[in-house]
Amino acid sequence: MQAAVSFKQFVTGGGSLFDSNVKRQVKCCYPKRKGMTISMLQPSTNVVAPEARDALKRALAKKAVGLVKSGMVVGLGTGSTASVATEELGKLIKQRKLKDVVAVGANYQSRVLARQFGVKTVDLNDVNQIDIAFDGVDEVDINKNLLKGGGAAHTMQKVLDSAAKECIILADQSKVVLQLGTTFPVPVEVLPAAISPVLRKLVTLGGVPEIRSALRKDGPVITDLGNMIVDVSFPNGIENPAELEKYINLIPGVVENGIVSGIATSVLVGIQGGDDIEVIDLADFVKIINSQKETTSA
């Protein structure tokens, strides 16, 4: 994650830089589907190895693009998993298994990748509807509430996802959490001229806002829309995602925030146990967790 400048630093020039690693996190981990149990693991053990993570992304991407039919308009999300989905979509088009498919990219990077993999792109204003959209996520809870914005592209992605008939979220097992905000802060896109009053308002909502700074240039991260990103941590997590999403967006100067509630139609979860990788629906993932809880308490 990019470095960040805290509210205190912005106002006084002091304070320490944001460190997301100090936050408490509790996640759901699913070791293996057959012959093994699910447990709620400690943060230090709930880690997906890099090689396994790549395999999970590929499995999720293939499952997702398998839902695309010829003639569809596809919304292309942001993040590494969505990028793999774009690559897999391009393979099906190149193999002529899909015809007359066009895509709408959420940001500059997604459009570049689409063209690179042979997927024709069109502007959102040139289509009447999006049939299906694929998107990655930083966190997802068991009620399909999402937290996005690690790549600072959440505003247009929310527009695409909300315009789609079907919004398919792709997440590996490490992204499933009991409560949003326990691991990642809430990204908020803000008009540069309104940064100071917005920071103050975010504090009144119980947040700890910090301006996201760029890694390879001086100064803050600037989005594709020309705005700044403020990362807002909530020490006790987010109890009511839909309510907080609404209250943040009501602040004058806020363009959009990274909480996404009521939009995802389906969440696909990639799980890995040993050498086995499987993709299941979030609802099935939750059923297995609840079943394990009942077995443990019995």
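Select Val 255 first: this residue is partly exposed, with a relative accessible area of 31% (partly exposed lies between buried, under 20%, and exposed, over 50%; 1.4 Å probe, protein chains only). Val 255 belongs to strand 12, residues 254–257 (strands are DSSP runs of E with at least two residues, helices runs of H or I with at least four, numbered from the N terminus).

The model is predicted: local features need pLDDT of at least 70, side-chain atom pairs count only at pLDDT 80 or more, and totals for chains, interfaces and linings use all residues. Residues are numbered from 1 along each chain as its sequence is written, and side-chain values use heavy atoms, with hydrogens and water left out.

With Val 255 they form a nonpolar surface patch of about 230 Å² accessible area together (Shrake-Rupley method, 1.4 Å probe; for residues, only the protein chains shown count as cover).

Next, select Val 68, Val 74, Leu 89, Ile 132, Phe 134 and Leu 170, which have the most contacts inside the largest nonpolar core, a set of 23 residues (buried Ala, Val, Leu, Ile, Met, Phe, Trp, Tyr and Cys joined through side-chain atoms within 4.5 Å). Helix 2 (50–65) and strand 8 (164–172) are among the elements that each supply at least two residues of this core. Apart from it lies another core of 22 residues, including Ile 195 and Val 254.

Finally, show everything: the protein has eight helices and 15 strands.

How values were computed:
Patches are made of residues with over 30% relative accessible area and no salt bridge: like charges are joined within 9 Å, nonpolar side chains (Val, Leu, Ile, Met, Phe, Trp, Tyr) within 5 Å. A salt bridge is a side-chain nitrogen of Lys or Arg within 4 Å of a carboxyl oxygen of Asp or Glu.
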